[in-house]
Each structure stands twice: as structure tokens, then as C-alpha cells.
Amino acid sequence: MRLPRSGAGWTIAVFGLLALLLGALGLIWPETQLRLLGFEVPAERAPGDYTGTFLTASSMASFNMGVYYLLAVATEWRPFYRFTVWFRLVTFTVFTIAVLSDVAPDRFFAVAAWEGLGAVATAVGLWWDARRAGAAPDDSVPGPVPATDAAR
């Protein structure tokens, strides 16, 4: 696996690695994942309670998403970086609404904040990378001396 080659790449790599690890956590220790998210973990589930099924599905999706993000970093797939900014902002909005409308516990807002801050960090990384790429070469760094100047 290659290390990221840009500021935006580092933000995508961090998110991808965490998505992969948290997805694995949900698959291996689902109760721990539920507690982290602020959900209750009853000793026994009622018939028709598909919390485990849903957690398995969302954990596998998180794991896969982590792989996709890390693949984007390995290939420096910048259009994917830009795409994630907008959709992570959508995710922030949906998760925030879920908390504000009491569909999710207040602690779930941390997930929304993570998405929003990640989107902003990647947007800043993209801006910074574009700024660095457009910067003029630094004249203070000595380069090759033209032959005509070397004789003087």
C-alpha cells in the first residue's frame, strides 16, 4: 500500500482506515459497536428485532467503504476525493436530522460531526493541493547554473 501523496489523500486515507476498522469491529464485536454509537444492548432481543442483521449489513458496508477509500488513495483518484466531500456533507445532514428528530440518540451526533469535519478536511486538502500545484517555483532554491554564467 502506498502512502498518500497529497493533503487530500491523507484525509481520505484516515477516513478509509477508520471505516475499515470500525466495520471490522461491528462484524467481530457488534455489542461494542452498538455501545460506541450510544445504543442500548439488551441481554436478550425480542422476536422480530433485526438489530444484529442491520448492524452486520452496515458494518460490512463500512468495511467495504474503507477498502474503496484506501484504493482511491493508492491510485490518487482525485475525482473520488471531490465526490466524497459532497456526499459526506449529505451524510452529515441526514445524521444530524436523525438526532434532532429523535430517530437516533444524541450520542449519534458524533457520527454526523465526523462526517462533516471529514468533508471539510478533504475540501481544505483539495484546496491546499491545488494551491501548491499552482504555485510558482521558488527562486531561492539554487538550480543549475547556465554555462554562460559559470565562466564569469
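## Helix packing in a predicted model

In α3, Tyr69, Ala72 and Val73 meet Phe80, Tyr81, Thr84 and Arg88 of α4. Sorted by class, the residues in this contact of α3 with α4 are five nonpolar, one polar and one charged. The axes of the two helices come within 10 Å and cross at roughly 145°.

Leaving out residues up to four places away in sequence, Tyr69 touches Ile12, Phe15, Gly16, Phe80, Thr84 and Arg88. Of these, Phe80, Thr84 and Arg88 are also among the α4 residues that meet α3, while Ile12, Phe15 and Gly16 are among the buried residues of α1.

Several of these residues return in the largest nonpolar core, which has 14 residues. Within this core, Ile12, Tyr69, Val73, Phe80, Tyr81 and Leu126 touch the most other members. At least two residues of the core come from each of α1 (7-28), α3 (51-75) and α4 (78-100). Which helix gives the most to this core? It is α1, with six residues. In soluble globular proteins, nonpolar side chains tend to be buried together.

Ser59 lies in helix α3, and apart from its neighbours within four places in sequence, Ser59 is in contact with Gly23, Gly26, Leu27 and Gln33. Is Ser59 itself buried or exposed? Ser59 counts as buried because its relative accessibility is 2%, under the 20% limit.

Ala119 lies in helix α5, which covers residues 109-134. With neighbours within four places in sequence set aside, Ala119 is in contact with Val85, Arg88 and Leu89. The C-alpha atoms of Ala119 and Thr84 are separated by 7.0 Å, although the two residues are 35 residues apart along the chain. Ala119 has a relative accessibility of 1%, so Ala119 counts as buried.

The loops remain. Glu76 is found in the loop between α3 and α4, and Asp102 lies in the loop between α4 and α5. Neither is a glycine, yet Glu76 has a positive phi of about 50° and Asp102 has a positive phi of about 60°. Which of the two terms, buried or exposed, applies to Glu76? Glu76 is buried, because its relative accessible area is 18% and the limit for buried is under 20%. Asp102, by contrast, is exposed, with a relative accessible area of 65%.

Technical notes
Residues are numbered from 1 along each chain as its sequence is written. This is a predicted model: local features need pLDDT of at least 70, side-chain atom pairs count only at pLDDT 80 or more; totals for chains, interfaces and linings use all residues. Side-chain values use heavy atoms; hydrogens and water are left out. A nonpolar core is a set of buried Ala, Val, Leu, Ile, Met, Phe, Trp, Tyr and Cys residues joined through side-chain atoms within 4.5 Å. Buried means under 20% relative accessible area, exposed over 50%, partly exposed in between (1.4 Å probe, protein chains only). Helices (H or I, at least four residues) and strands (E, at least two) are DSSP runs, numbered from the N terminus. Contact means heavy atoms within 4.5 Å. Axes are lines fitted to C-alpha atoms, for helices over the stretch in contact, and angles run from 0 to 180 degrees between N-to-C directions. Ala, Val, Leu, Ile, Met, Phe, Trp, Tyr, Cys and Pro count as nonpolar, Asp, Glu, Lys and Arg as charged, and the others, Gly among them, as polar.
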